[in-house]
Amino acid sequence: MSAVSSRLPVFPWDRLEPYKATAAGHPDGIVDLSVGTPVDPVPAVVQQALAAAADSPGYPTVWGTPALRDALTGWAERRLGARGLDHRNVLPVVGSKELVAWLPTQLGLGPGDKVAYPRLAYPTYEVGARLAGAEPVVYDEPTELDPAGLKLLWLNSPSNPTGRVLSADELRRAVAWAREHGVLLVSDECYLDLGWEADPVSVLHPDVCGGSHEGIIAVHSLSKRSNLAGYRAAFLAGDAAVLGELLGLRKHGGMIVPAPVQAATIAALGDEAHVTEQRARYARRRTALRAAFEGAGFRIEHSEASLYLWATRDEPCWDTVEFLAKRGILVAPGEFYGAAGERFVRIAFTATDERIEAAVRRLAD
């Protein structure tokens, strides 16, 4: 076993392959609700901006063009309610997963340092800690953590996988606690535009951070809101001192968002019509799937935001995965997101309307 593989958990999705084969054997084909990858078209305004910037023979800059930084700060002020941002407070990144996986390493963390993340969470938070040689620590309530050795605290609201949304008061307490103990707080807010039964709030909102960005960073992505998962377009906003250090490191590492993608990002952040249209698609799919799964005896918990339903039949998650695979429906076992999810499954509503309708029919049989 290599030194790298020995410090990483087993890649979970490989375990799903036999169930995927079962689901694919359904006479009407598979309905894949296991991964939250967009299936709808990239908005025309974004495609046009990408094409117009296709003739980009020179190296782009790691910090992005001034126009991109204007777009990032402008969007954060309009959408997140952030105040007092300038170009020092934003940094484009090559997709949010890259950032999550490598942030502890880029921050210089290593043995003796701790990285904390929610007990039910996106697996890459743990991977990032392990890649750096730091100790991963899970929590139920961040303010109950032992601060000794803790250097990085991840929040995730809306949550992947549960769809839970932290209130402004919960965020405010976490920010105050992190500042008191000198812990960098990074809030993964990639699903912020997808609130259904709650209105997600950013840590950059003055009601949460008190108008100061000190010690906090928000992570945002265009993958979900704008169907740009294939573009790898994301960015950070927050503490200028921390982002300045990351900018310098990323210059050395050549971590550069391609110039056409920078242009596409400007277009995407400047247009809200496509976001409204995509939200409406997801809302319809969510409503249909929730009713179908509840009608089939599932209980839905949290799920007030994001692109997922967090569901259970009060049985081991792999039994539920098998039950659904035999009906041609593939979902993600909750165990992938931590031991606390072992009796749940995560159901994505990122499938076409036709496939969603097929799942609804199968669950009704």
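**A hairpin and its sheet**

A: Start with the hairpin of strand 9 and strand 10, where six residues lie between the strands and His302 has a positive phi near 50 degrees. Keep in mind that this is a predicted model.

Look next at Ser303. This residue sits in the loop between strand 9 (299-301) and strand 10 (308-312). Its phi is also positive, near 65 degrees, and Ser303 is not a glycine. Is Ser303 buried or exposed? Its relative accessible area is 0%. Buried means under 20%, so Ser303 is buried.

Now follow the two strands. Strand 9 and strand 10 run antiparallel and are joined by three bridges. Within this pair, Arg299 faces Thr312 of strand 10.

Strand 10 has another partner. Strand 13 (residues 345-348) pairs with strand 10 over four bridges, again in the antiparallel sense. Trp310 stands opposite Arg346 of strand 13. Ala311 has Val345 of strand 13 as its bridge partner.

How enclosed is strand 10? Five of its five residues are buried, so strand 10 is largely enclosed by the rest of the structure. In a regular strand, side chains alternate between the two faces of the sheet. Check both faces here. Tyr308, Trp310 and Thr312 are on one side of strand 10, Leu309 and Ala311 are on the other, and all are buried.

Seven strands form an open sheet in the order 2-8-7-6-5-3-4, and the pairing is mixed. Strand 2 (90-93) and strand 4 (135-139) are at the edges with a single partner strand each, so one side of each has no neighbour in the sheet. From one strand to the next, the twist averages 20 degrees.

Strand 2 runs antiparallel to strand 8 (residues 234-238), and four bridges join them. Pro92 is opposite Phe235 of strand 8. Helix 9 (residues 240-253) lies across strand 2, strand 6 (184-188), strand 7 (216-221) and strand 8. Helix 9 runs at about 35 degrees to strand 2.

Two loops deserve a stop. Arg232 is in the loop between strand 7 and strand 8. Its phi is positive, about 55 degrees, although Arg232 is not a glycine. Arg232 has 30% relative accessibility, so it counts as partly exposed. The other loop, between strand 5 (150-156) and helix 7 (168-180), holds Pro158. The peptide bond from Ser157 to Pro158 is cis, with omega near -5 degrees.

**Helices**

Two packed helices are described by the angle between their axes and the distance between the axes. Apply that to helix 5 (residues 96-106) and helix 6 (residues 124-132). They pack at an angle of about 35 degrees, and their axes are 7 Å apart. The crossing is right-handed. Helix 5 contributes Lys97, Val100, Ala101, Trp102, Pro104 and Thr105 to the contact. Helix 6 contributes Thr124, Tyr125, Gly128, Ala129, Leu131 and Ala132. By class, the contact has eight nonpolar, three polar and one charged residues.

Finish in helix 11 (residues 273-295), which contains Gln278. Gln278 has a relative accessible area of 2%, so it is buried. Its side chain makes a polar contact with the side chain of Arg281, at 2.5 Å. Leaving aside residues up to four places away in sequence, Gln278 touches Asp40, Arg225, Asn227 and Arg285.

Val275 is in helix 11 as well. At 5% relative accessibility, Val275 counts as buried. Val275 and Ala359 are 84 residues apart along the chain, and their C-alpha atoms are separated by 25 Å.

Conventions
Residues numbered from 1 in each chain as written. Predicted model: local features only at pLDDT ≥ 70, side-chain atom pairs only at ≥ 80, totals over all residues. Heavy atoms only, no water. Buried < 20%, exposed > 50% of the residue type's maximum accessible area, 1.4 Å probe, protein only. Polar contact = N/O pair within 3.5 Å; in protein donor to acceptor, adjacent residues only side chain to side chain. Contact = heavy atoms within 4.5 Å. Axes fitted to C-alpha atoms, helices over the stretch in contact; angles between N-to-C directions. Left-handed = near helix turned anticlockwise from the far one by under 90°. Nonpolar A, V, L, I, M, F, W, Y, C, P; charged D, E, K, R; others polar. Pairing = 2+ DSSP bridges.
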